[in-house]
Each structure stands twice: as structure tokens, then as C-alpha cells.
Amino acid sequence: MTSQERFVQLDERLAAIASRVAPLALASSFGAEDMVLLDVVARLGLPIEVFSLDTGRLPSETYDLMQQVRDRYPTVAVRYYYPEAAALEAWVTRHGVNAFYDSIELRKSCCAIRKIVPLQRALAGKQGWITGLRREQSPTRQDLAEESHDADHGLLKFNPLLEWSDSDVWTYIKGHDVPVNALHAQHYPSIGCAPCTRAITVGEDLRAGRWWWENPETKECGLHVAATPIPLKRI
Ligand code: SF4
């Protein structure tokens with residue numbers, strides 16, 4: 001399938017999903033894939049809420065893009081979700097502000113407070129959510145489906161870019177003049193929190209720069225794998 005055929009298919013798919021599932025949300029971390037989806041939502045005027053999780057540790061380039069998006073897409077009101085203050089204060093006080101480097105458990109509990117719990121709030125009451133996950137991004141994304149039932153959050157999950165290549169994404173971005181995170185030009189294909197993301201080198205996996213000190217099989221934050229909600233008291 002050519003890139004142009006994929007673009008037409010994406011418009012049709014998102015419009016079809018929006019016509020049968022409501023309320024529906026698009027999760028955006030302002031990565032290249034998320035920007036493609038946001039552009040389609042804005043261009044077609046689809047009734048899809050765009051939301052983002054501000055972990056408090058994002059790179060300044062991501063905040064710059066958030067501001068840019070407001071100007072470029074005035075019809076899209078991105079909704080932001082933040083970590084619960086008391087849980088975050090308790091974690092940082094007990095473990096230290098950068099304790100996510102100390103163990104996988106602490107890294108995961110930081111992700112739980114800053115991402116997973118806010119995601120649960122973002123998805124509450126929704127019938128479906130859309131992500132920009134692509135199969136070729138990493139070993140942890142090989143078994144995903146374009147549409148599935150997300151049992152953890154109790155709603156449908158759509159990955160309409162699943163079979164897109166990196167080239168499809170960037171052809172769309174250039175062809176539609178979509179704003180992107182400045183870090184992409186500095187060899188950051190996947191961008192998360194600043195202290196947990198680094199640039200990659202030629203030949204590395206596209207998500208090699210995320211939690212680079214862990215092995216590839218553990219490198220998800222819990223947003224996109226089966227995850228049991230963690231009670232705040234245990235974090
Ligand atoms: S990516 Fe790093 S800083 Fe961000 S929530 Fe996860 S562990 Fe914490």
C-alpha cells in the first residue's frame with residue numbers, strides 16, 4: 001500500500017470510528033504519530049477529545065509544541081491531566097526526585113503516579129481511545145491489533161497507525177505541514193519524560209532511547225500493556 005493510500009484509509013477509518021464510538025478520545029504525547037492523528041481530527045472536525053498527560057518531567061521542546069498546537073489547531077482544545085499532587089509529593093519525599101534510575105520497581109511506580117493513574121482519569125466514561133502506536137516501533141508492540149477491547153480500562157482501543165512505516169509518518173507530516181517536536185531533528189524518534197529519554201544512534205530500535213538502562217522487554221510505562229490499577233496508598 002502506498003503512503004497516499006494509507007492517508008486516505010486513515011481519514012476513512014477515523015471518521016468511521018468516530019461515527020460508531022462515543023465518547024471517544026485521542027491520547028497524545030505530541031510525538032510524530034500523535035501529531036498525524038491530531039491533524040486528521042482537526043482537518044475532518046471529528047468529535048474526538050484530544051488529551052495529554054503532563055507528567056511534570058517533559059522536555060521543554062514538548063511544552064513548546066503544546067503551545068504551537070494551540071495556534072495551529074484553534075478548533076482542538078487539548079485537555080491536560082496531571083499527577084495527583086499528594087501521591088507525587090509522598091513518592092518524591094520518600095524516594096528522591098530522580099529515584100526512577102534506582103530500580104525497575106521505582107521507575108514503574110513513578111510512571112504509575114505520573115502517567116497510569118492520570119490515564120485512568122482521562123479514560124473514565126469513554127467508550128474508546130485512539131493511540132499512535134506502530135508495530136515496528138519496538139519488540140513490545142508486535143502483538144497489538146488495530147482494534148481491541150482494552151480490558152484494563154473497560155473500553156475499545158484503536159491503533160490506526162499500527163502498520164504505518166516511519167516513512168509514512170514523515171511523508172504525511174511534510175505533506176500536511178504538521179508541526180512536530182524539535183527533538184525529532186536531534187535523533188529522538190520517541191519522546192517521553194526528559195530524564196528517561198535520550199537520542200538514538202544509527203541502527204538502534206526506534207524506542208531504544210526510552211528507559212535506555214533497561215532491557216527492551218520491560219520498556220513500556222504501563223499505558224499500553226495489561227496493567228492492574230495500582231492503589232495510591234501502595235506507591
Ligand atoms: S518516564 Fe521517567 S520521569 Fe516519566 S513517569 Fe516514567 S519514570 Fe517517571
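Modeller: Helices are DSSP runs of H or I with at least four residues, strands are runs of E with at least two, and both are numbered from the N terminus. Keep in mind that this model is predicted.

Biologist: Where is phenylalanine 30, then?

Modeller: Phenylalanine 30 falls in the loop between β1 and α2, and α2 spans 32-44. Check its backbone too. Phenylalanine 30 is not a glycine, yet its phi is positive, about 65°.

Biologist: Which peptide bond is cis?

Modeller: Look at omega. The bond from alanine 22 to proline 23 is cis, with omega near -5°. Proline 23 belongs to the loop between α1 and β1, the strand at 24-27.

Biologist: Next, helix packing. At what angle do α1 and α6 pack?

Modeller: Read the angle together with the distance between axes. Helix α1 covers residues 3-20 and helix α6 covers residues 166-175. They pack at about 75°, and their axes are 10 Å apart. Angles of 65 to 115 degrees count as roughly perpendicular, so α1 is roughly perpendicular to α6.

Biologist: Which residues of α1 and α6 meet?

Modeller: From α1 come Ser3, Arg6 and Phe7. Facing them in α6 are Asp168, Thr171 and Tyr172. By class, this contact has two nonpolar, two polar and two charged residues.

Biologist: Now the ligand. Where does the ligand sit?

Modeller: The ligand is in the largest cavity.

Note on methods. Residues numbered from 1 in each chain as written. Predicted model: local features only at pLDDT ≥ 70, side-chain atom pairs only at ≥ 80, totals over all residues. Heavy atoms only, no water. Axes fitted to C-alpha atoms, helices over the stretch in contact; angles between N-to-C directions. Parallel < 35°, antiparallel > 145°, perpendicular 65-115°, else oblique. Contact = heavy atoms within 4.5 Å. Nonpolar A, V, L, I, M, F, W, Y, C, P; charged D, E, K, R; others polar. 1 Å grid on protein atoms, 1.4 Å probe; cavity = no way out; pocket = protein on both sides within 12 Å on 5 of 7 lines; lining within 4 Å. Sits in = over half its atoms within 2 Å of the grid points.
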